[in-house]
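Please walk me through this protein chain.

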Amino acid sequence: MVPARICRGAGKEKEVRNRGSKRGAILLEIINNRVIQAAALAWAIAQAIKVLLTLAISRKFDHTRVLGSGGMPSSHSSMACAMLMVIGFHEGFSSSVFALAFCFAGVTMYDAAGVRRSTGRNAAVINHIVEGLSGKGFNFDDEHLKELVGHTPIQVLAGALLGILVGVLMA
């Protein structure tokens, strides 16, 4: 540990540590935070399941599923629900922090199954229109809009249940 220096100011003594050791201590606190650990683990498990399901269905590895959004289960929902559960167990299910996490999880899941799912459907329609017009003298970029951005309600529910399980086990 780096020794502290004593600084005097406004009649009070303050302990000032080396900036490098302070950053290291902050990083260590973040890494050891149970809420962050549970959220990250739930996200990673959900993403791994997406990769495995894609591999099982298509019989080929799709590298875009490793970090990609959309699909089964919802990694956003699993992450939010894992966070929610650990906060509930550590801070109390009647705490303001739990209420905030509850609202965050609700908005996240609503967005995944609502707004982002609609965005993906719109992208599919636009891509279809562009493909139809491309052969008729219209020039468009070859780049397609990303269609797999949202989730079905079942995918959101599966992600939520995964997150709850991870959160309970990590709490």
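Phe93 has 42% relative accessibility, so Phe93 counts as partly exposed. Here buried means under 20% relative accessible area, exposed means over 50%, and partly exposed lies in between (1.4 Å probe, protein chains only). This is a predicted model, in which local features need pLDDT of at least 70, side-chain atom pairs count only at pLDDT 80 or more, and totals for chains, interfaces and linings use all residues. Residues are numbered from 1 along each chain as its sequence is written, and side-chain values use heavy atoms, with hydrogens and water left out.

A pair of aromatic rings is described by the distance of the centres and the angle of the planes. Rings of Phe, Tyr and Trp (its six-membered ring) pair if their centres lie within 6.5 Å. Planes under 30 degrees apart count as stacked, over 60 as edge-to-face, and the rest as tilted. By this rule there are 3 aromatic pairs. One of them joins Phe89 and Phe93: the centres are 5.1 Å apart, the planes stand at 85°, and the pair is edge-to-face. Phe98 and Phe102 make a tilted pair, because their ring centres are 6.3 Å apart and their planes meet at 40°. These two residues are 4 apart in helix 5 (residues 96-113), so about one helical turn separates them. Phe89, Phe93, Phe98 and Phe102 form one aromatic cluster.

How exposed are Phe89, Phe98 and Phe102? Phe89 is partly exposed at 44% relative accessibility. Phe98 is buried at 13%. Phe102 is exposed, at 52%.

## The chain as a whole

The chain has 7 helices and 2 strands. Helices (H or I, at least four residues) and strands (E, at least two) are DSSP runs, numbered from the N terminus. From that end, the order is β-β-α-α-α-α-α-α-α. Of the 171 residues in the chain, 28% are buried. Contact means heavy atoms within 4.5 Å. Take the contacts between residues at least 6 apart in sequence: 64% of them join residues at least 24 apart.

## The core

Which residues make up the largest nonpolar core? This core has 8 residues: Ala38, Ala42, Ala46, Ala82, Val86, Leu162, Val166 and Met170. Helix 2 (34-58), helix 4 (75-91) and helix 7 (153-170) each supply at least two of its residues. A nonpolar core is a set of buried Ala, Val, Leu, Ile, Met, Phe, Trp, Tyr and Cys residues joined through side-chain atoms within 4.5 Å.

Leaving out residues up to four places away in sequence, Ala38 touches Ala82, Val86, Val166 and Met170. Ala39 lies in helix 2. Ala39 is buried, with a relative accessible area of 7%.

## Helix 4 against helix 7

Two packed helices are described by the angle between their axes and the distance between the axes. Helix 4 and helix 7 pack at about 35°, with their axes 7 Å apart. Axes are lines fitted to C-alpha atoms, for helices over the stretch in contact, and angles run from 0 to 180 degrees between N-to-C directions. From helix 4, the residues in this contact include Ser77, Cys81 and Phe89. From helix 7, they include Val156, Gly159 and Ile164.

Met85 is in helix 4. Met85 is buried, at 14% relative accessibility. Leu165 sits in helix 7. At 48% relative accessibility, Leu165 is partly exposed.

| Pair | Apart in sequence | C-alpha to C-alpha |
|---|---|---|
| Leu165 and Cys81 | 84 residues | 8.8 Å |
| Met85 and Leu165 | 80 residues | 8.7 Å |
| Ala39 and Met170 | 131 residues | 9.7 Å |

## A loop residue

Where is Arg59 found? Arg59 is in the loop between helix 2 and helix 3 (64-67). Its phi is near 65°, a positive value in a residue other than glycine. Arg59 is exposed, with a relative accessible area of 71%.
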